[in-house]
Amino acid sequence: MFTPLPSPLYRPLFRLPMALHNPSPFHLSSLISHSPDLHPSPMAAACLHHNSPPLHCDPTTPLPTDPHLKILNFSRPTFSDHLSPPPISPNPQILNSPVSDSDLWFKIQEEARADMEHEPILASYYITSILSHNSMERALANHLSIKLCNLSLPSSTLFELFTDVIQEDAGEILRCSIRDLQAVKERDPAWISYVQCFLNYKGFLAVQSHRIAHKLWCRGRKVLALLIQNRVAEAFAVDIHPGARIGCGILLDHATGVVVGETAVIGNDVSILHHVTLGGTGKNSGDRHPKIGDGVLIGAGTCILGNIKIGDGAKIGAGSVVLKDVPPRTTAVGNPARLIGGKANPIKLDKTPSFTMDHTSHINDWSDYVI
């Protein structure tokens, strides 16, 4: 029997441009009431009431601020990028984020309001995705549910599932997502704002989707976890098995074509470029995929195959095929990959490559033919 399509979650508000040119403040709830086709989630609708702070559209009028809410300085932190690597762990430790979820969520909402003033045509999109939610958890669950839904898997079903998983996770997924957002800001020169990363960076969205799928996998709901993996692969062109274990502070730059196998482990503060494969070497089952240490940089088009270890703070050059262990703080490049400086005395790195994002300084040491 044919099931009718659900109502769209948001549509352009045709009366909105007129309202946005009115210098008087208006409320989010008034926008919702004028558009019967705009359906925020029931849990998010609680924040849309007439006592909510007004949304000012006059560029000369400052945005409303809450004196009780502390806004942190979101400039680039002055942490050192020099290495002090801990040993690789099969279960990456979840580190506390230096920025709280409420502070970062308030910053994302501010950026969304600023984008709405600059591009009024996107107002309904920002309201539905960001401003109609009272927490980052629900906004993330809502946005992922829209990205991953299809005709037979409605967004409302995914929203309820994702919300339950995130809320039952004791904040671990949220802490990691905050560190992932900060990783994009620190390491991607194309970064514009937190809200753009939250809504549009498919590497970030793919990792957050994997975190949910991994929780389901660990709880024995493997069929559902594999379904989410499949939808992520179709929507974002990123294929991460739900059994893989991934730390915090992860940057998937561009992300297209990234493949991570079932028994792979990725540590904290790792940067991975596009078309990277962490795969096996055959059809043998069991523990068969790579273990990536903390602070590792993996260049574009790299294949790391087999149950091998990439040490903390190592760098893998673009286009490499790695089949053996790579010691910590060393650089491997080539097909098959070899260590810069040789196996007996490899050149040691003094900075964390995933932070510096340096992809070329090793070339002169690797090849005597440089154009």
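# Helices, core, sheets and a disulfide

Q: How do you know that the span of α9 agrees with its 17 residues?
A: The expected span is 1.5 Å times one less than the number of residues. For the 17 residues of α9 that gives 24 Å. The end C-alpha atoms of α9 are 24 Å apart, which agrees.

Q: What kind of model is this, and how are its residues numbered?
A: This is a predicted model, with residues numbered from 1 along each chain as its sequence is written. Local features need pLDDT of at least 70, side-chain atom pairs count only at pLDDT 80 or more, totals for chains, interfaces and linings use all residues, and side-chain values use heavy atoms, with hydrogens and water left out.

Q: What makes α9 largely enclosed by the rest of the structure?
A: Burial does. Buried means under 20% relative accessible area, exposed means over 50%, and partly exposed lies in between (1.4 Å probe, protein chains only). In α9, 15 of the 17 residues are buried, so the helix is largely enclosed. Just after α9, G220 takes a positive phi of about 90 degrees.

Q: What makes a stretch a helix or a strand here?
A: Both are DSSP runs, numbered from the N terminus. A helix is H or I over at least four residues, and a strand is E over at least two. Helix α9, for one, covers residues 202-218.

Q: How many residues does the largest nonpolar core have?
A: It has 78. Such a core is a set of buried Ala, Val, Leu, Ile, Met, Phe, Trp, Tyr and Cys residues, joined through side-chain atoms within 4.5 Å. I108, F198 and I310 have the most contacts inside it. Helix α9 gives the most to this core, with eight residues.

Q: Why is this core said to lie between domain 1 and domain 2?
A: Domain 1 (101-237) and domain 2 (244-370) both give residues to the core, so it lies between them. The domain bounds come from an automatic or database assignment.

Q: Which residues is F198 in contact with, leaving aside its neighbours within four places in sequence?
A: Contact means heavy atoms within 4.5 Å. On that basis F198 touches I108, I130, M136, A139, L140, H143, L181, F204 and L205.

Q: Why does I130 count as buried?
A: Its relative accessibility is 0%, so I130 counts as buried. I130 is found in helix α4 (residues 123-131). Beyond four places in sequence, its contacts are W105, I108, Q109, A112, V195, F198 and L199. I130 and H143 are 13 residues apart in sequence and 8.7 Å apart in space, C-alpha to C-alpha.

Q: What makes α5 mostly covered?
A: In α5, 10 of the 13 residues are buried. Among them are M136, A139, L140 and H143.

Q: Is R231 buried or exposed?
A: R231 has a relative accessible area of 10%, so it is buried. R231 lies in helix α10 (residues 222-236). Leaving aside neighbours within four places, R231 is in contact with K147, L148, C149, N150 and L153.

Q: Why is the pair C176 and C248 called a disulfide?
A: A disulfide is a pair of cysteine sulfur atoms within 2.5 Å. The sulfur atoms of C176 and C248 are 2.1 Å apart, so the pair qualifies. C176 is in helix α7 (residues 172-187), and C248 is in the loop between β2 and β3 (251-252), 72 residues apart. The structure holds one disulfide.

Q: How do the cysteines C176, C248, C218 and C303 count: buried, partly exposed or exposed?
A: C176 is buried at 2%, and C248 is buried at 0%. C303 is partly exposed at 26%, whereas C218 is exposed at 55%.

Q: Why is one side of β2 and of β11 left without a neighbour in the sheet?
A: Four strands form an open sheet in the order β2-β5-β8-β11, with parallel pairing. β2 (245-246) and β11 (309-310) stand at the edges, each with a single partner strand, so one side of each has no neighbour.

Q: How do you know that β8 pairs with β11?
A: Two strands pair if DSSP finds at least two bridges between them. Two bridges join β8 (residues 291-292) to β11, so the strands pair. The bridge partner of I292 is I310.

Q: What order does the open sheet of six strands have?
A: The order is β3-β6-β9-β12-β14-β15, with mixed pairing. Within it, β12 (residues 315-316) and β14 (residues 331-334) pair in the parallel sense over two bridges. K315 stands opposite T331 in β14.
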